[in-house]
Each structure stands twice: as structure tokens, then as C-alpha cells.
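These are my notebook entries on one protein model. I set down what I looked up, entry by entry.

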Amino acid sequence: MEPRHYYDEFSRSYDREREEGYHALVDQLEAEIVLAHCRGARVLEAGCGTGMVLRRVAPEARLAVGADLSHGMVGHAAGRGLRVVAASILHLPFADGVFDVAYSLKVLAHVREIDSALAELARVVRPGGVVLAEFYNPFSLRYLAKSLAGPGKVGERLTEAAVFTRWDPPWRIAGYLPPTLRLERFHGVRVFTPAAAFHRVPLVGRALARAERWATRTALPGPRVLGGFVIAELKRSD
């Protein structure tokens with residue numbers, strides 16, 4: 001299935017149960033990583049979905065724009081009052097160097113042309129700017145859980161198997177980068193959570209939330225490369 005059609009279908013239920021628990025925690029932790037670079041900046045979220053992270057970033061940024069392949073996702077994000085356009089991460093409708101920061105969460109894992117997507121993110125960021133690119137990590141509890149459980153249900157008719165998904169170990173990411181991007185560091189999200197359902201158990205959920213917050217903020221290298229979601233912090237060269 002074409003990714004656009006997949007996400008149009010997914011957009012109908014994407015926000016369901018995302019205001020609390022596991023999904024809200026992940027959105028907040030990822031937003032904190034992004035916000036460290038975005039205050040007072042011109043920011044692009046490539047693959048903004050319904051705007052769950054962009055709505056946290058926009059009040060702090062000088063300019064915040066979202067782009068998404070799915071018209072359904074863009075419609076929901078626009079309904080939140082966010083500035084958004086329908087566009088592919090492979091063909092962003094912006095001039096060279098117009099943003100200080102470009103970030104992409106849970107999108108690159110569904111892009112076959114990973115080199116082209118990263119080059120496009122680099123193109124729209126000014127020299128000295130930052131690209132934050134998230135990958136799915138095969139060396140994580142999340143990958144193990146997905147392998148055992150199989151594709152999850154998405155919407156009323158689809159499962160995750162309907163869309164292409166890639167899993168990239170952190171040490172492979174540098175090989176995808178264009179010459180204009182330099183790897184600065186990694187951030188790990190969802191290090192200790194074996195499955196989202198664990199966050200529904202009151203005591204267990206609170207303990208996991210504390211552990212996940214610690215993991216995203218620690219300087220220790222382990223959590224940075226063991227997250228189910230690994231965010232590569234990249235610097236655009238002059």
C-alpha cells in the first residue's frame with residue numbers, strides 16, 4: 001500500500017488514546033529533545049502527523065511549520081491551528097536553508113529512499129543548523145516485542161504490515177548521511193518499556209515513566225543507543 005493511503009486511513013484513529021499513558025509520554029520526551037534546539041528558531045517538522053509534537057514546539061519557536069504526506073493527517077493538524085502543508089519528505093516545498101531546525105519523528109522508518117530523505121532535510125536547513133532524525137532500532141526491547149507480537153492493528157481495516165518499515169542500528173546511520181550533515185550524538189527514547197500496555201498498570205506505569213524520563217536525559221551512552229526510537233542529532237556544515 002502507498003504510504004499516503006496508509007496514513008490517510010490511520011489519521012482517522014491516530015489521536016485515539018494519545019493524550020495520556022505511553023503515547024503521551026513518548027510525545028513529551030521527544031518534544032523535549034526537539035525543544036532544546038527550537039526556542040526562538042525557524043522550525044520544520046517533516047512528517048508532522050496530526051501535530052501531537054508540533055503543537056508543543058510551535059509556542060516556543062519563532063516559526064513552526066509541519067509537512068505531511070497524508071492529507072488526512074494535515075487536516076487534523078490544521079484543525080489544531082498549526083501551520084501545515086501536504087508534502088513528501090522527499091520533496092519538501094521550501095527554499096534552501098530556510099529553517100534553523102528540521103526534525104522528523106516516526107517517518108524515516110517508513111522511507112525506502114533514506115539517503116534522499118536525509119539530503120532533503122539537510123537542504124532546507126541553514127549552514128550551522130540542526131537536523132533531528134529518528135530511526136527504529138533493532139537492538140531494543142521494542143523490536144523484540146514487535147517481533148514476538150506481530151503487526152499491530154492500525155485503524156479499522158489495516159495493520160502495520162501494510163506499510164514498509166525499516167530497522168536501522170545506530171552505527172549504520174552515519175552511512176546514510178549526505179556530506180553536509182555531521183553526526184553529533186544520539187538520543188534514546190523508549191529504552192525500558194517492553195510493551196505500551198505496561199503503562200496502563202498504575203505502579204508499573206509510573207515506574208516505567210520515571211525510567212524513560214531518566215533515559216532520555218542521562219549522559220550515559222547505553223540508553224542513547226538502546227532506545228526503540230533513536231534520534232540522531234545532526235549538524236549542517238557551512
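**Entry 1. Overall dimensions**

I began with the radius of gyration of this predicted model. For 238 residues a compact globule would have a value near 18 Å, and the protein has 17 Å, so the two agree. I then noted the box filled by the C-alpha atoms, which is roughly 45 × 40 × 30 Å along the principal axes.

I looked up the secondary structure next and recorded 9 helices and 9 strands. Buried residues make up 51% of the 238 residues. Among contacts with a separation of 6 or more, 72% join residues 24 or more positions apart.

For the surface, I noted an accessible area of about 11000 Å², with 56% of that area belonging to carbon and sulfur atoms. I also looked up the charges: there are 32 positive and 26 negative ones, and their mean positions are 3 Å apart.

I asked how far strand S1, residues 42-46, is enclosed by the rest of the structure. I found 4 of its 5 residues buried, so S1 is largely enclosed.

Which strands pair with S1? One is S2, residues 63-68, which runs parallel to S1 and is joined to it by 5 bridges. Another is S4, residues 99-104, also parallel, with 3 bridges to S1. I followed Val 43 to both sides: Val 43 stands opposite Ala 64 in S2, and its bridge partner in S4 is Val 101.

**Entry 2. Strand S4 and the step to S5**

I moved on to S4 and found it mostly covered, with 6 of its 6 residues buried. Besides its pairing with S1, S4 is joined to strand S5, residues 125-136, by 5 bridges in the parallel sense. Within this pairing, Tyr 103 stands opposite Leu 132 in S5. I recall that side chains in a regular strand alternate between the two faces of the sheet.

**Entry 3. Helix H5**

I listed the buried residues of helix H5, residues 114-123: Ile 114, Ala 117, Leu 118, Glu 120, Leu 121 and Ala 122. As a reminder, an α-helix has 3.6 residues a turn, so residues three or four places apart point the same way.

What covers the buried residues of H5? The cover includes strands S1, S4, S5 and S8, together with S9, residues 229-236.

**Entry 4. Leu 181**

I located Leu 181 in strand S8, residues 181-189. Its relative accessibility is 7%, which is under the 20% limit, so Leu 181 counts as buried.

I then looked up its contacts, leaving out residues up to four places away in sequence: Leu 181 touches Leu 118, Ala 122, Val 131, Leu 234, Lys 235 and Arg 236. Of these, Leu 118 and Ala 122 are also on my list of buried residues in H5. I took one distance as well: Leu 181 and Ser 147 are 34 residues apart along the chain, and their C-alpha atoms are separated by 32 Å.

**Entry 5. Pro 169**

Pro 169 is in the loop between strand S7, 158-159, and helix H7, 170-173.

Beyond four places in sequence, Pro 169 touches Asn 137, Pro 138 and Phe 139.

**Entry 6. Positive phi angles**

My last search concerned backbone angles. Most residues other than glycine have a negative phi.

Lys 106 is not a glycine, yet it has a positive phi of about 60°. I placed Lys 106 in the loop between S4 and H5.

Arg 190 likewise has a positive phi of about 60° without being a glycine. Arg 190 lies in the loop between S8 and helix H8, 202-217. I looked up the exposure of Arg 190 too: with a relative accessible area of 6%, it is buried.

Notes. Residues are numbered from 1 along each chain as its sequence is written. This is a predicted model: local features need pLDDT of at least 70, side-chain atom pairs count only at pLDDT 80 or more; totals for chains, interfaces and linings use all residues. Side-chain values use heavy atoms; hydrogens and water are left out. Buried means under 20% relative accessible area, exposed over 50%, partly exposed in between (1.4 Å probe, protein chains only). Helices (H or I, at least four residues) and strands (E, at least two) are DSSP runs, numbered from the N terminus. Two strands pair if DSSP finds at least two bridges between them. The radius of gyration is taken over C-alpha atoms; the globule rule is 2.2 Å times the number of residues to the power 0.38. Contact means heavy atoms within 4.5 Å. Accessible areas come from the Shrake-Rupley method with a 1.4 Å probe; for residues, only the protein chains shown count as cover. Lys and Arg count as positive and Asp and Glu as negative; His and the chain ends are not counted. The place of a charge is taken as NZ of Lys, CZ of Arg, CG of Asp or CD of Glu.
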